[in-house]
Amino acid sequence: MLLDSQALAAICQLGNKPIGIKLAPYFDMSHFIAVANIIKKYPVQFITCINSIGNTLVIDPHTEQPIIKPRGGFGGLCGDDIKPIGLANVRAFRQLLDDNVQIIGVGGIKTGIDAFEYLLAGADAVQIATCFEKQGPDCFARIEQELSDFMQAKGYRELADAKGKLKPL
Ligand SMILES: Cc1cc2nc3c(=O)[nH]c(=O)nc-3n(C[C@H](O)[C@H](O)[C@H](O)COP(=O)(O)O)c2cc1C
């Protein structure tokens, strides 16, 4: 099921806490539209795009084994490889949802320029997982500084000036 509408309805009845949803990566436009139409029916304040891409397999050809042990080597793909998918999900949902639904972009962000790309796609904020795991908490200040330096060099004064402003080719 793309997104369990009944589960969302039940969560919305729990109280007045802000409601956000972490979404799986989607690949087809029909799925973006179907999920956006479900989200629009509920008071969802933010979505996070994307979760890791499930059930991927990486094989070490030298040992002839999967690189991780659990579940026969099937695991969630994240990091560099998924950035284009994360960007597309943010872009698609930014175009389909009203601005009152904020979007947290995540997937392959390890530099300020990566964060800038998510900003152009329409992210209101970004999340960092793999890079945090590799570099530790210092990554946050570094990425923030790199984003600031890059935007300043391009003549931007505010994040809002670039948010969602992906230029057409
Ligand atoms: C070590 C690790 C643990 C994660 N645990 C969770 C989790 O418990 N729940 C979840 O929704 N996503 C989890 N994720 C997925 C991340 O939140 C994120 O969506 C994904 O890794 C893509 O971001 P990245 O490319 O910056 O890693 C985890 C990712 C990593 C690397």
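Which side chains meet in a salt bridge at 2.7 Å, N to O? The views below include that pair, Lys83 and Asp114.

This is a predicted model, in which local features need pLDDT of at least 70, side-chain atom pairs count only at pLDDT 80 or more, and totals for chains, interfaces and linings use all residues. Residues are numbered from 1 along each chain as its sequence is written, and side-chain values use heavy atoms, with hydrogens and water left out.

**View 1. The protein chain has six helices and eight strands.** Helices (H or I, at least four residues) and strands (E, at least two) are DSSP runs, numbered from the N terminus. The order of elements from the N terminus is α-β-α-β-β-β-β-β-α-β-α-β-α-α. Taken along the principal axes, the box filled by the C-alpha atoms is roughly 50 × 45 × 35 Å.

**View 2. A salt bridge joins the side chains of Lys83 and Asp114.** A salt bridge is a side-chain nitrogen of Lys or Arg within 4 Å of a carboxyl oxygen of Asp or Glu. Side chains of opposite charge can pair when their charged atoms come close. The N to O distance for Lys83 and Asp114 is 2.7 Å. Lys83 belongs to helix H3 (residues 83–96) and Asp114 to helix H4 (residues 112–121), so the pair, 31 residues apart, links distant parts of the chain. The structure holds seven salt bridges.

**View 3. Oxygen atoms of the ligand lie by Lys22, Gly108 and Gln127.** These are polar contacts (pairs of N or O atoms within 3.5 Å; within protein, one must be able to donate a hydrogen and the other to accept it, and residues adjacent in sequence count only if both atoms are side-chain atoms). An N or O atom in the side chain of Lys22 is 2.9 Å from a ligand oxygen. For the side chain of Gln127 the distance is 3.0 Å, and for a polar backbone atom of Gly108 it is 2.7 Å.

**View 4. A cis peptide bond joins Cys49 and Ile50.** Its omega is about 15°. Ile50 is found in the loop between strand S2 (44–49) and strand S3 (53–57).

**View 5. Glu64 has a positive phi.** The value is near 60°, in a residue other than glycine. Glu64 is found in the loop between strand S4 (59–60) and strand S5 (65–66). Most residues other than glycine have a negative phi, and most peptide bonds are trans.
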